[in-house]
Amino acid sequence: MPKIAFFTLGCKVNQYETGALEERFSEEGFEIVPFDDFADVYVINSCTVTAVGDKKSRTMMRRAKKLNPNAIVALTGCFPQAFPDEAALLTEVDIITGNKNRQSLIDAVKQSLGTKQRIVKIEPFSPKDSFEPMRVKNFSDRTRAFLKIEDGCDRYCSYCIIPFARGPVRSKPLKDVLEDAKILYQNGYREIVLTGINLSSYGKDISLSFSDAVAEICRSLPDVRIRLGSLEPDLISQKDIDTLAGLDNFCPQFHLALQSGCDDTLKRMRRRYDSAMYADLVRRIRIAFPDASVTTDVMTGFPGESQEEFQKSLDFVSSVGFLKVHIFPYSKRKGSKAADMSGQLTLAEKKRRCDIMNDVTEKSRREFLLSQIGKTVSVLFESTFKDGICEGYSMNYTPVQVLSDSSLAGQVLNVRITSLRGDCCFGELTL
């Protein structure tokens, strides 16, 4: 039985796709082993959002060859899809495939094991492409499952290369979404996170919306909590909000990609909303979901971001009251419009602004967590720490800890929040 190891870079979608590949290879008779083990085949599922991701892919290629010089090393994912000519020149790898067809990787590995020939097969995307069937039934020791229902993006933000790496918007047929969700439920998962490259575009190609998919699962599986991945603010309609508000098992956590709170910066980013539109969306969400949390991503140091623009972004982020903010410095991505823009900032300045933004968002996070004290919430427990402390997340993604004599991992239990300890709420189990 040949041994195969995987290493995944990047987002939850990449992780889901690696899980699907692992299950497919296992069905073909391969033994899945950790990446640092001796294996016959090593697969690197790449990310190309930043140049750092490309560098990490190359590092893992070299590591694989050190672990077993005679192994087949395969590179797949976003890097070769976005930069096929550059990827084809990499001598450290024996197989190179892109994002379009996972089956081609399986076929190439089986062929290369027998012939030892080098295989480069990167298929370009077409506007007529449909969603590639794939399924993940288990997520090792995770208590939450992920379900990819959308692929592709047609936004072409000025800093981003992903539309070239992922192709046009493609949606998983609704009947397949429901079937996969039922399998995950049957396998013991009580929370499913729906993911996609541009999740809020789900259904664009099949005359549906992302809220249709949520409603179908929520109504068919009332014992499963449904959570959403990242959403684009301008693609959420009032109808979507109203639909979601009528679903008892929908998790009211909205990750609304912001990137900047300054309108001039947003224009250069080619984002399709402004701060007023974003603020109004948050207001309408909080009317429909009084205890909703809002999380986001914020970039600092985008080309041309003056101190005044940064201050506007800082003030806006402070005003929203986010539960959690992923803050990161702008990274130049070859092939994107922003890479050639004037006004590039130094890394030191971008990091300095990250630190300032982080201080502001930590304050709003603390205020949100304090607002949860006294409430009784439903918590999906995920882990047990030393001294009998178990931790999990509420429906609105509040981290909650309790004391317990035994592990509560995988259980959904009610907790009355009594205090804030560090960066986590603390409470007592209730009947």
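Helices (H or I, at least four residues) and strands (E, at least two) are DSSP runs, numbered from the N terminus. This is a predicted model, where local features need pLDDT of at least 70, side-chain atom pairs count only at pLDDT 80 or more, and totals for chains, interfaces and linings use all residues. Residues are numbered from 1 along each chain as its sequence is written, and side-chain values use heavy atoms, leaving out hydrogens and water.

**Exercise 1.** Find which element gives the largest share of the lining of the second largest pocket.

Step 1. On a 1 Å grid over the protein atoms alone, a pocket is an open set of points with protein on both sides within 12 Å along at least five of seven lines, and lining residues have an atom within 4 Å of a point.
Step 2. The lining has 17 residues, with Gln15, Gly19, Glu22, Ser140 and Arg142 nearest the pocket's centre.
Step 3. Strand S1 (3–8) and helix H1 (12–27) each supply at least two lining residues.
Step 4. The largest share, seven residues, comes from H1.

**Exercise 2.** Work out how H12 and H13 are oriented to each other.

Step 1. Take axes as lines fitted to C-alpha atoms over the stretch in contact, with angles from 0 to 180 degrees between N-to-C directions; contact means heavy atoms within 4.5 Å.
Step 2. H12 (residues 307–320) and H13 (residues 347–371) pack at about 25 degrees, their axes 10 Å apart.
Step 3. Angles under 35 degrees count as roughly parallel, so H12 and H13 are roughly parallel to each other.
Step 4. Among the residues that meet are Phe310 and Leu314 in H12, and Ile356 and Val360 in H13.

Technical notes. Parallel < 35°, antiparallel > 145°, perpendicular 65-115°, else oblique. 1 Å grid on protein atoms, 1.4 Å probe; cavity = no way out; pocket = protein on both sides within 12 Å on 5 of 7 lines; lining within 4 Å.
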